[in-house]
Amino acid sequence: MIREIHVEKLTEQIREMCIHATHFLSADMDAAMKKAWEDETNPLGKQILGQLQENLEIAGEEMIPICQDTGMAVIFLEIGQEVHFTGGNLEDAINEGVRRGYTEGYLRKSVVGDPLLRENTKDNTPAVIHYSIVPGDKVKITVAPKGFGSENMSRLLMLKPAQGVQGVADAIVETVAQAGPNACPPLVVGVGIGGTFEKAALLAKQALTREVGVPSEKEHIRKLEEELLARINGLGIGPAGLGGAVTALAVNINTYATHIAGLPVAVNLCCHVNRHIVREI
Amino acid sequence: MDRHITAPLTDQEAKSLRAGDYVYITGTVYTARDAAHKRMQEALEAGERLPFELENNIIYYLGPSPAREGKIIGSAGPTTASRMDKYTPELLDRGLKGMIGKGKRTKEVADAIVRNGAVYFAAVGGAGALLSKRIKKVEVIAYEDLGTEAVRRLEVEDLPVIVVMDAEGNNLYETVGK
């Protein structure tokens, strides 16, 4: 049975989601930031985490974005295969939602239309859109506006299979260490292992949208997530990179099958303003 | 140590700040980030005047989000300073005294800070809503076409920052985790 969905519905949802995600942390991130404040032992680190708590309160009460870098809009659409979109071009409708969200929501326009010519598009479009077709007649929308302080410190490595889990773990820890203060710790570390070159990067990005505190369903990966979180917090980088016990809030790892000759690893860092919001229509 | 200072800085005050000091800045600072630095560099090469006098002033690496109606500015936290490293030593040699940003700088910048008795402050990245409350006046003074990247003159009151790199060559980031 085909279900028809007018694309204007998507536009309106995405408009709202862009505005909401940039002013309010999701419940999982909010809880993780409160816990970070409780756990931090370095007085300066604790002071900074206290400042970030105050910042979140001001953002929500006065509708000032949590961070001025309201990001490039990354949107995941899981489209049920029974869905038929009507009323216009799907991609245009998504970008219209981003345009309205960023202009009507007083969000920063941080997108340049060409990476070399670098002229600002003035409405934060286009979004980066990832589509997937799934069973059913629903559409699941995830909006994850991504800031570039942390995006710039992310890495993709094509390791050799012989480097194994140790090589993967070292690469992840090294990425966080090199990023230091630049990526605005405390971080959420999104990791993609396996697939191909581009699949690993996509897995890492998707890992950032997984709720903080929800471990991988795979036992060996869950253990790796725990080990890595402990190792990263042992680096002592701390809040804002000024020292402390809390460098990362979570390490989320997603995996996929890969080639006999390869071990791709992508590490997508996200600052403490890890924005992700999900709705289903 | 907690300190209250005024901007523009004096030579003496800039030199007296030490890595690790928690500082509240009151006075005038100027915003400039990637695109504005590029234009200022081009202006210097062409022998033109900069949008503001560098002498003893502080640049805040900031591209704010737009102001809502009735407000003067939106979210206003620091951006990553290293993208300005290419331009910074010359600005310091020409009189710039302080910078507010976040993240590591190059050795060339560190050397220029020492050479000129200057200072690099970190504001807390991702605290843009809180920091915006310490900004009392905003005026776009140059490169308006750059939107968020335009050069703005800000009047700030007790803007909270931390000294990361000082005139003696100390660097707080380098002592972290050791």
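## Salt bridges within chain A and overall

A salt bridge is here a side-chain nitrogen of Lys or Arg within 4 Å of a carboxyl oxygen of Asp or Glu. In this predicted model, K140(A) and E78(A) form such a pair, with their closest N and O atoms 4.0 Å apart. The pair links distant parts of the chain, since K140(A) belongs to strand 5 (residues 139-146) of chain A and E78(A) to strand 2 (residues 72-80) of chain A, 62 residues apart. Over all chains, the structure holds 36 salt bridges.

## The four-stranded sheet of chain A

In chain A, four strands form an open sheet of mixed pairing, in the order 6-9-7-8. Strand 6 (155-159) and strand 8 (248-258) of chain A are the edge strands, each of them pairing on one side only, and from one strand to the next the twist averages 15 degrees.

Strand 6 of chain A runs antiparallel to strand 9 (residues 263-270) of chain A, and five bridges join the two; L156(A), for instance, has A266(A) in strand 9 of chain A as its bridge partner. Helix 7 (residues 197-209) of chain A lies across strand 6, strand 7 (187-195), strand 8 and strand 9 of chain A, and runs at about 145 degrees to strand 7 of chain A.

## The interface of chain A and chain B

The size of an interface is often given as the accessible area lost when the parts come together. Between chain A and chain B the buried area is about 3000 Å², of which carbon and sulfur atoms give 56%. Of the area that chain A buries against chain B, Q51(A), Q68(A) and Y106(A) supply 25%, more than any other three residues. In terms of contacts, 41 residues of chain A touch 40 residues of chain B.

The rule finds two salt bridges across this interface, and K133(B) and E62(A) meet through their side chains in a salt bridge with an N to O distance of 2.6 Å. Residue pairs in polar contact between chain A and chain B, counted where both residues have pLDDT 80 or more, number 18. On the side of chain A that touches chain B, helix 3 (43-62) and helix 6 (164-179) of chain A each supply at least two residues, and the largest share, ten residues, comes from helix 3 of chain A. By class, that side of chain A has 21 nonpolar, 15 polar and five charged residues.

Notes:
Residues numbered from 1 in each chain as written. Chains lettered and ligands numbered in written order. Predicted model: local features only at pLDDT ≥ 70, side-chain atom pairs only at ≥ 80, totals over all residues. Heavy atoms only, no water. Pairing = 2+ DSSP bridges. Axes fitted to C-alpha atoms, helices over the stretch in contact; angles between N-to-C directions. Contact = heavy atoms within 4.5 Å. Buried area = accessible area lost by both parts, 1.4 Å probe. Polar contact = N/O pair within 3.5 Å; in protein donor to acceptor, adjacent residues only side chain to side chain. Nonpolar A, V, L, I, M, F, W, Y, C, P; charged D, E, K, R; others polar.
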